[in-house]
Amino acid sequence: MKKILLLAVVLFASLNASAQQDEGTWSITPKVGFNLANIVGDHTDGYSMKFALFGGAEAMYQVTPMIGLSGGLLFSAQGCELEGDASIALTNLNIPLMANFYVAENLALKIGLQPDFNLSGKYKYNGGSSDISSTQTVVLDIPFGISYDISDFVIDARYNLGVSKIFKGEGGSQRNSVFQISVGYKFQL
């Protein structure tokens, strides 16, 4: 058993040593993708996942060969579907601030903090819509996920866990729940 554990540690260490990011470099990655968004929490019976798009760019500074710090600006359509051909449509500016841990060559695990600035909120129903005035201006999410680099292309999958409530008032606590998949192209600066 000790030999297997030692072998696993040596294998993991050799994988870590093979990462190819150069320390002290900057890169920028324009990206596009899709969201599977929902609103979860109190009084959300009948809410279901909504398919929507997002896009923007992230910049990363490679602190060490194994650790990168990134920040981004992403325009994101979020919200949820409601029963009866209705939906809540939120347009947000997401600012993900992430730590990227390269655990193997081209493979990074990510975790961070993400302020979301609400740009608009609409309740859509039967071809009509009305503004939602009770949305918070800023909410906070915890994004975590994984990415893989294929040459200069980056495939990223992450989940944004909402930690602050989306709507003002005493109507309970509803939060973001957003799964994102994107593809981007990394430019070294």
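## A tour of the salt bridges

Start by selecting K31 and D156: their side chains meet in a salt bridge, 3.7 Å from N to O. The term salt bridge here means a side-chain nitrogen of Lys or Arg within 4 Å of a carboxyl oxygen of Asp or Glu. Colour by strand and you will find K31 in strand 1 (residues 26-41) and D156 in strand 9 (residues 153-162), so this pair ties together parts 125 residues apart in sequence. Strands are DSSP runs of E with at least two residues, numbered from the N terminus. K31 and D156 are both buried, where buried means under 20% relative accessible area, exposed over 50% and partly exposed in between (1.4 Å probe, protein chains only).

Before moving on, note that this is a predicted model: local features need pLDDT of at least 70, side-chain atom pairs count only at pLDDT 80 or more, and totals for chains, interfaces and linings use all residues. Residues are numbered from 1 along each chain as its sequence is written, and side-chain values use heavy atoms, leaving out hydrogens and water.

Next, select K122 and D131, a salt bridge whose closest N and O atoms are 2.6 Å apart. K122 is partly exposed at 30% relative accessible area, while D131 is exposed at 59%.

Now go to K186 and D149, where the closest N and O atoms of the salt bridge are 3.0 Å apart. K186 sits in the loop between strand 10 (174-185) and strand 11 (187-188), and D149 lies in strand 8 (residues 138-150), 37 residues away. Both K186 and D149 are buried.

For the last stop, select K31, E58, K110, D156 and R158 together: salt bridges that share partners join them into one network. The count of salt bridges comes to seven.

Notes
Helix = DSSP H or I, 4+ residues; strand = E, 2+ residues; numbered from the N terminus.
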